[in-house]
Amino acid sequence: MKRSRINAIMQEADELIRHHGFTLPPFAYWSPETFRARASDARHVIDARCGWDITDYGEGRFDEMGLFLFTLRNGLLSDLNTGRGMCYAEKLLISRQDQLSPMHTHVIKAEDIINRGGATLIIELYGSDDAGQFAEDRGGRVWCDGIALDYTPGQKLRLAPGESVTLRPGDWHAFWGEGGDVLIGEVSTVNDDETDNIFREPIGRFAKIEEDEAPTHLLVSDYRAWL
């Protein structure tokens, strides 16, 4: 993805988030220079990879297959491993109309996916085989706003604003907006996007960046190189 496109997506996303009554934390608006100057103060933000995340899954088709994310808060795997401390994470996501977030699951993370506003969020579900791999012929069980739902292979949930689903490791899922863009909340156990996203197809988690202009704000995938 071109950096100029990423900069534009950030501005559009911020406007949509504010439209739905949410405001991102102050570090969201730091310039790269400010982030460098305050890197010591922001050590947890950097180590927990909080911040902007825009991906086309390495395929170069963001409008068709992509996702906007902002990690608001996140613990560390060391906390989760000991069962004490900050064992949770929270994100805001934007799924555009008909923009696919492709079929995947997590080994560690359980998550609530919440339609915070906008159009209808479609979530397609499959279960896992005994080895934890994608199973075209298996369903499973999720919880929609705390109510148990047994799903069949390929079943599509339709979440209106305010509705949510709880997904556990082994629940394979893909999602997209129907009828418009959707602001999504995600509340989960500690989030590790580098190792805990298992995709059905061999695709990447992060975008490859073409530096055609300077970044307005850093992505979490920029932290190692810039900070």
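**Notes on the pocket, cores and cysteines**

1. The lining of the largest pocket splits into six nonpolar, four polar and six charged residues (Ala, Val, Leu, Ile, Met, Phe, Trp, Tyr, Cys and Pro count as nonpolar, Asp, Glu, Lys and Arg as charged, the others, Gly among them, as polar). A pocket here is an open set of points on a 1 Å grid over the protein atoms alone, where a 1.4 Å probe fits, with protein on both sides within 12 Å along at least five of seven lines; lining residues have an atom within 4 Å of a point.

2. Some housekeeping: this is a predicted model, with local features needing pLDDT of at least 70 and side-chain atom pairs pLDDT 80 or more, while totals for chains, interfaces and linings use all residues. Numbering runs from 1 along each chain as its sequence is written, and side-chain values use heavy atoms, leaving out hydrogens and water.

3. Back to that pocket: 16 residues line it, with A48, R49, N74, N191 and D192 nearest its centre.

4. The largest nonpolar core has 31 residues, and L24, F35, W52, I54, F68 and F70 touch the most other members. Such a core is a set of buried Ala, Val, Leu, Ile, Met, Phe, Trp, Tyr and Cys residues joined through side-chain atoms within 4.5 Å, buried being under 20% relative accessible area with a 1.4 Å probe, protein chains only. Apart from it sits another core, of 21 residues, including C144 and F199.

Key
Buried < 20%, exposed > 50% of the residue type's maximum accessible area, 1.4 Å probe, protein only.
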